[in-house]
Amino acid sequence: MIGLADSYTKTHSYRVSKIIHAPLPFVYDWCTDYRESDPRITGSKAKRKMLLKTRRHVIYISSYRSGGKPKIGVNIVTLYPQKWWHLDFIGDEDDETGDYRLMRLGPRRTRLDMSFAEHFKIRNAPTKAQDLKHTHEIWDKYVSALERDYVRRNK
């Protein structure tokens with residue numbers, strides 16, 4: 001028997017790429033230096049609680065509000081220095097996997113290729129186009145902050 005939650009699940013996958021004006025090692029270190037303050041970079045009101053941070057793994061809890069109600073999710077990140085990392089997110093409203101891969105384009109240019117698979121467990125879940133737009137908006141802010149940090153550190 002299919003449960004009520006199964007009757008309105010929605011799944012989609014999408015890809016996003018960003019060109020970053022900074023060398024690959026800097027990009028990898030910046031992107032994988034997970035901190036509780038990271039949501040501020042994008043203006044998010046979400047909270048992050050770090051549980052584990054090693055050279056190969058990062059685990060943290062995300063807490064946020066949706067529809068006026070508190071929600072949480074567990075983020076499990078597996079690091080593969082210096083070229084890529086993998087995210088498994090298990091949350092109240094959705095589960096997600098993400099792969100992040102870096103490619104050196106030059107001494108100070110790196111391409112970040114991201115692929116995501118979303119599995120929503122809520123009614124009125126975002127469309128693939130909405131997720132894609134949101135991911136571009138978030139990562140445009142991350143890239144801007146990363147490039148500013150790179151310039152600042154190399155003055």
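The lining of the largest pocket comprises 22 nonpolar, 8 polar and 16 charged residues, where Ala, Val, Leu, Ile, Met, Phe, Trp, Tyr, Cys and Pro count as nonpolar, Asp, Glu, Lys and Arg as charged, and the others, Gly among them, as polar. The model is predicted, with local features requiring pLDDT of at least 70 and side-chain atom pairs pLDDT 80 or more, while totals for chains, interfaces and linings use all residues. Residues are numbered from 1 along each chain as its sequence is written, and side-chain values use heavy atoms, with hydrogens and water left out.

This pocket has a volume of about 1400 Å³. A pocket is an open set of points on a 1 Å grid over the protein atoms alone, where a 1.4 Å probe fits, with protein on both sides within 12 Å along at least five of seven lines; lining residues have an atom within 4 Å of a point. The volume is the space filled by probe spheres set on the points, which are joined across faces, edges and corners. Among the 46 lining residues, Arg48, Tyr60, His134, Ile138 and Tyr142 are the closest to the centre of the pocket. Helix H3 (residues 128-153) supplies the largest share of the lining, 8 residues. Helices (H or I, at least four residues) and strands (E, at least two) are DSSP runs, numbered from the N terminus.

The largest nonpolar core has 31 residues, of which Val77, Trp85, Tyr100, Leu112, Trp139 and Leu146 touch the most other members. Such a core is a set of buried Ala, Val, Leu, Ile, Met, Phe, Trp, Tyr and Cys residues joined through side-chain atoms within 4.5 Å; buried means under 20% relative accessible area (1.4 Å probe, protein chains only). H3 gives the most to this core, with 7 residues. Beyond four places in sequence, Tyr100 has contacts (heavy atoms within 4.5 Å) with residues including Trp85, Leu112 and Trp139.

S7 runs antiparallel to S1, to which 11 bridges join it, and Ser115 is the bridge partner of Arg15. S6 and S7 also pair in the antiparallel sense, over 12 bridges; strands pair if DSSP finds at least two bridges between them. These two strands, S6 and S7, form a hairpin with 2 residues between them.

Helix H1 is largely enclosed by the rest of the structure, because 6 of its 8 residues are buried.

Note on methods: Buried < 20%, exposed > 50% of the residue type's maximum accessible area, 1.4 Å probe, protein only.
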